[in-house]
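Hi,

Here is the structure I said I would pass on.

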Amino acid sequence: MDDEALLTIGAFAARARLSAKALRLYDRLGLLAPAHVDEVSGDRYYRAGQVERARLVALLRQLDMPLARVAEVIGSADGAEAADRLAAYWADVEARIAARRTLAEYLRGRLSGRSSEMYGTFEVETVEVPAQVVITEKRHTLADELPAWIGVSLGRLEEAARACGGVAGAPFVVYHSEVTTESDGPVESCVPVADETAARAWAAARGRGREVAVRVEPARRLAFTRIGKAQVAYPQILAAFEAVEAWTRREGLEYDGPCREVYFADWSSAGPQDPVCDVAFPVR
């Protein structure tokens with residue numbers, strides 16, 4: 001060992017502007033290993049060339065980057081890849097901040113008594129929906145996972161509908177219980193199909209692996225409001241649900257089943273303001 005080329009953990013911590021405790025943590029997590037550990041005393045020694053890596057880890061942690069993501073960044077093959085990983089992480093952070101900003105504005109409206117103003121922007125109507133056979137997939141999921149699961153599950157069901165006589169109506173998602181960042185439903189994706197016998201054969205062949213099922217959705221009267229693609233995101237969509245609930249109370253109607261979102265447009269080709277979804281409650 002070349003003692004002249006090594007620094008004690010205290011000297012290295014001072015040069016890197018980190019605590020010895022942080023350095024021990026980084027070592028334990030595989031982010032920054034000492035250049036040498038004395039077999040007898042257990043003392044850690046570092047090389048001066050490791051200072052830059054230590055400072056980089058500390059700076060990434062100041063961005064609240066999880067340690068696993070830090071390991072990905074500093075373990076990248078080259079600087080460009082590391083920079084791309086950092087950019088991807090920060091894009092996720094900004095998306096979360098934007099969602100929280102929207103939620104804060106929504107809550108400000110509720111707390112300040114402006115809920116009625118928000119509800120007034122939604123036009124609520126009713127529609128009679130005939131009985132229909134649906135194939136379904138159910139799952140417990142939180143709000144941040146919900147959009148991806150809706151897209152994937154409806155895609156699976158629409159593909160399966162080919163073997164069930166084809167899609168016979170607008171796909172919809174039923175909320176059997178509240179879905180938030182802490183409450184996980186369950187939620188049920190549903191696709192109407194034309195052939196009940198074929199649908200039941202399809203479900204029997206799948207077993208219960210994905211909680212797939214077939215049922216006859218009874219004829220219902222829906223109170224609904226139509227929203228654009230940008231409004232579907234959480235928490236913006238909460239105002240639409242509450243607007244329909246407020247309208248239902250004013251009309252003296254009763255709920256006749258769990259609330260739902262009915263998707264009647266091609267999501268991929270729709271613009272932010274294009275109507276794509278009906279937020280609906282069965283009523284009687």
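**Charges, cores and overall form**

The chain carries 35 positive and 42 negative charges, and their mean positions lie 2 Å apart. Lys and Arg count as positive, Asp and Glu as negative, with His and the chain ends not counted; each charge is placed at NZ of Lys, CZ of Arg, CG of Asp or CD of Glu.

A word on the source: this is a predicted model, with local features needing pLDDT of at least 70 and side-chain atom pairs counting only at pLDDT 80 or more, while totals for chains, interfaces and linings use all residues. Residues are numbered from 1 along each chain as its sequence is written, and side-chain values use heavy atoms, leaving out hydrogens and water.

On overall form, the radius of gyration (over C-alpha atoms) is 27 Å, whereas a compact globule of 284 residues would have one near 19 Å, by the rule of 2.2 Å times the number of residues to the power 0.38. The C-alpha atoms fill a box of roughly 85 × 55 × 35 Å along the principal axes.

Now the inside. The largest nonpolar core has 43 residues, a core being buried Ala, Val, Leu, Ile, Met, Phe, Trp, Tyr and Cys residues joined through side-chain atoms within 4.5 Å; buried means under 20% relative accessible area with a 1.4 Å probe, protein chains only. Helix 9 (residues 236-250; a DSSP run of H or I, at least four residues) gives the most to this core, with seven residues. Apart from it lies another core of 24 residues, including Ile9 and Met65.

Cheers

Notes
Buried means under 20% relative accessible area, exposed over 50%, partly exposed in between (1.4 Å probe, protein chains only). Helices (H or I, at least four residues) and strands (E, at least two) are DSSP runs, numbered from the N terminus.
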